[in-house]
Amino acid sequence: WDWNIPTNVVYFSPQWIRLLGYLPEEVTGLTAFFHSILHPDDVHRMTEILQAHLDGRTPLKELELRLRHKSGEYRWYLDRGKVVARDEQGRPLRMVGTITDITERKQVEALANLQTIMETVPDVIFVLDLDGRLSKWNLRLETVTGYTCDELLGKPALEMVPATEVEQTSAAIRRALETGYAELEGHL
């Protein structure tokens, strides 16, 4: 990408556009396009890092952020940029940079973090597939339920819940499918 800062016009290369799943005619050359696909939770951090670089306090702008792919999913990118031209007063005129898709690396990091959490937290932790069946769990689940690893794999989670908690657990599973997260307190 190549940003003319005074005019706020950005040249997005064909590779940049393809990386995000778009066709060239679907992308405007304005910074507004970039901001429209930037994850809301990344706006503040990106603004701070960009401003620090534009002010000359950092040698380059570099951050990991999420951008909405044309498919609608947010993917992780490493965004790097550098001011390459300033006016006589030191105001930035032009900035160029790159993005790199780092979604797979972030997924591997997330799995490693999950594994660490699952091994160290004393509570029962489990992961369900989209059908509500156990696909991953910590040793505490085996201890609490008395089931072996082979007995747990693929077991419907609702089969392990007392009848009085099935409705609450089922609602928590639906929330998790809708939002990607749900916390459930109860008894197995």
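**Exercise 1.** Which residue in β7 does Phe126 stand opposite?

*Solution.* This is a predicted model, in which local features need pLDDT of at least 70, side-chain atom pairs count only at pLDDT 80 or more, and totals for chains, interfaces and linings use all residues. Residues are numbered from 1 along each chain as its sequence is written, and side-chain values use heavy atoms, without hydrogens and water. Start with the strands (DSSP runs of E, at least two residues; helices are runs of H or I, at least four; both numbered from the N terminus). Strand β6 covers residues 126-128 and strand β7 residues 134-137. They pair (at least two DSSP bridges between them) in the antiparallel sense, over three bridges. Within this pairing, Phe126 stands opposite Trp137. Five residues lie between the strands of the hairpin, where Gly132 has a positive phi near 80°.

**Exercise 2.** Classify the aromatic pair of Tyr22 and Phe33.

*Solution.* Rings of Phe, Tyr and Trp (its six-membered ring) pair if their centres lie within 6.5 Å; planes under 30 degrees apart are stacked, over 60 edge-to-face, the rest tilted. The count by this rule is four aromatic pairs. For Tyr22 and Phe33 the centres are 5.4 Å apart and the planes 80°, hence edge-to-face. Next, place the residues: Tyr22 is in the loop between α1 (14-19) and α2, and Phe33, eleven residues away, is in helix α2. Then check burial (buried under 20% relative accessible area, exposed over 50%, partly exposed in between; 1.4 Å probe, protein chains only). Tyr22 is buried at 13%, and Phe33 is buried at 9%.
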